[in-house]
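Please open the model in a viewer and keep the selection panel at hand. The stops below are meant to be taken in order.

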Amino acid sequence: MIEIKQLSKSFNDGTEALKHIDVHFNEGELTCIIGPSGCGKTTLLKHINRLIAPTNGDIEISGSSILNQDIVELRRSIGYVIQQIGLFPHMTIAENISVVPRLLNWSKQKINDRVDEMLEMVNLEPEVFRNRYPLELSGGQQQRVGVARALVGDPDIILMDEPFSALDPISREQLQDQLKSLHKQLKKTIVFVTHDMDEALKIADRIVILRQGEVEQIGRPDEILQNPETDFVKSFIGEERMTRFMRQSHKTAKYFEDWFVMESHGQVKEVNADTGMDELTTLFVDQGYDSVEVIENDRSIGYLTKNTLLKALATERSE
Amino acid sequence: MPSFVNGFYKWGQEFIATVIDRRELIQTAFIEHLWLSFIAIFIACLISLPLGIWIARAKRMAEPMIGVTAVMQTIPSLALFGFLVPLIGIGTNTALIALTIYALLPIVRNTYTGISRVNPAMIEAASAMGMTSKQRLLRVEFPLALPFIMAGIRTATVLTVGVATLATFVGAGGLGDVIYRGLQAYNQHLILAGAIPVAILAIMFDFVLKYFEKKTTPKGIQIK
């Protein structure tokens with residue numbers, strides 16, 4: 001478990017990037033840190049492998065502070081994947097993956113076996129990719145190598161700094177799915193920084209929402225979706241995401257029958273059971289209704305509220 | 001046959017006669033010139049590479065150090081040779097010192113630029129993987145900066161081969177000897193018999209270094 005205790009960071013120019021952050025990352029969980037740009041999410045991440053030194057506070061891994069550990073040892077025991085991929089262009093794929101093993105002086109045979117194993121794990125054929133150079137690979141393939149490189153030393157902790165944000169949507173989806181299944185399989189503690197709420201909801205076990213260097217809310221994806229604690233969280237996940245989320249779906253109101261409730265509060269609007277998501281979105285988001293009463297054959301069959309609809313969509317997505 | 005072709009033909013014959021006549025002088029001068037240039041470049045590399053790497057790390061030293069080497073570069077070469085004579089006397093050492101000073105700037109500047117221009121993401125990745133600062137330099141920064149550094153060395157080499165013609169004024173020999181004799185004797189053929197080998201030598205050096213550059217540039221960077 002990684003524990004961040006009262007962590008503060010002020011940069012030389014006086015900006016306070018982090019203000020008394022208290023948060024922990026559970027063992028074996030994939031935690032997303034999310035927030036708008038400049039909220040300190042990357043700064044927080046880089047404290048964990050000490051790429052940035054804290055102004056105040058402490059970071060503990062498995063109960064002992066990392067601040068007086070040997071920095072090189074610490075970093076070799078933590079996998080790291082960065083946004084711009086960060087593969088070394090002058091090294092082959094195999095060499096890139098084996099940087100840490102070579103620093104640790106593994107035997108040649110062990111390194112070769114491990115490299116092949118890693119390439120297979122991220123679905124790249126070893127025979128094809130081993131001796132290629134990073135610039136010969138597509139962005140998605142490069143970032144797979146980046147993930148393989150982070151996993152090669154079998155670290156317990158992996159830090160990922162917006163690793164998929166520069167990829168095209170299709171590769172991004174693929175890599176998210178792969179990361180999720182890898183995580184299920186390997187049970188590493190992963191801290192994943194992103195600015196994409198969809199990504200966070202899709203892959204995270206827990207989400208930490210940051211804003212201006214402070215924690216706004218921590219919780220499981222569905223908890224955050226259902227009970228956004230502050231207006232900021234609401235606006236950060238709520239309207240924009242909800243709109244996008246809803247409009248992507250081609251379901252009708254009737255489809256969510258299982259989620260209907262029998263009573264409602266706030267502003268209600270009557271709609272037909274075959275009302276599409278487009279119209280529902282407009283009602284909830286643009287016109288500010290809290291729930292709709294669904295009518296089928298001139299009979300009310302229940303109420304669909306904004307929150308349950310969101311929850312329904314989120315549940316469906318994560319399945 | 002038109003007269004100018006005739007004249008040119010005659011001129012060529014005379015030139016070749018001069019070269020054959022003075023071949024021992026030219027040969028010795030050529031070898032002296034080659035050694036002077038080579039050793040000066042070698043010493044300049046020994047000084048400039050660590051210096052360039054150092055100022056790339058200690059950024060606030062960069063401007064002053066590059067400034068100093070740039071100022072040395074602006075001293076007219078002839079004046080620099082003259083200036084060193086009362087201090088060190090005449091001879092090969094004086095010439096080597098002057099030539100080395102001239103070769104510093106391009107190498108220092110390109111080493112500095114090359115190392116500074118390495119993508120910060122590479123540095124971050126290297127550090128985050130637990131490379132020590134030395135490992136990072138040798139395994140990441142230096143290989144990535146190598147094309148820049150080689151370009152600096154090539155510039156310095158061409159420069160040095162040219163300036164080395166002035167070594168004759170401090171009694172260090174070289175092809176400047178041949179040119180100087182030609183100048184004193186108003187002998188065009190002899191001047192050219194000194195100047196053309198200088199050009200050939202510069203091209204030769206450049207060619208060898210180009211080959212070396214290709215060899216040392218990591219394959220992965222050549223793919224673009």
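This is a predicted model: local features need pLDDT of at least 70, side-chain atom pairs count only at pLDDT 80 or more; totals for chains, interfaces and linings use all residues.

Residues are numbered from 1 along each chain as its sequence is written, chains are lettered from A and ligands numbered from 1 in the order in which they are written, and side-chain values use heavy atoms, with hydrogens and water left out.

**Largest cavity.** Select A:Arg75, A:Tyr80, A:Arg149 and B:Met129, which are among the residues lining the largest cavity. Its volume is about 100 Å³. Strand E6 (78–81) of chain A is one of the elements supplying at least two lining residues; E6(A) gives the most, with three. (A cavity is a set of points on a 1 Å grid over the protein atoms alone where a 1.4 Å probe fits but cannot get out; lining residues have an atom within 4 Å of a point.)

**Second largest cavity.** Next, select A:Val81, A:Leu179 and A:His183, which are among the lining residues here. H8(A) provides the largest share of this lining, four residues, and the volume is about 80 Å³.

Move to A:Glu162, in the loop between strand E7 (157–161) and helix H8 (169–186) of chain A. Phi of A:Glu162 is near 40°, a positive value in a residue other than glycine.

Finally, select residues 30–209 of chain B, which an unreviewed UniProt entry annotates as "domain: ABC transmembrane type-1". The span is 85% helix and 0% strand, where helices (H or I, at least four residues) and strands (E, at least two) are DSSP runs, numbered from the N terminus.

Terms used
UniProt positions are given in the numbering used here, feature names are shortened, and annotations may be inferred rather than shown by experiment. On a 1 Å grid over the protein atoms alone, a cavity is a set of points where a 1.4 Å probe fits but cannot get out, and a pocket is an open set with protein on both sides within 12 Å along at least five of seven lines; lining residues have an atom within 4 Å of a point. Grid points are joined across faces, edges and corners, and a volume is the space filled by probe spheres set on the points.
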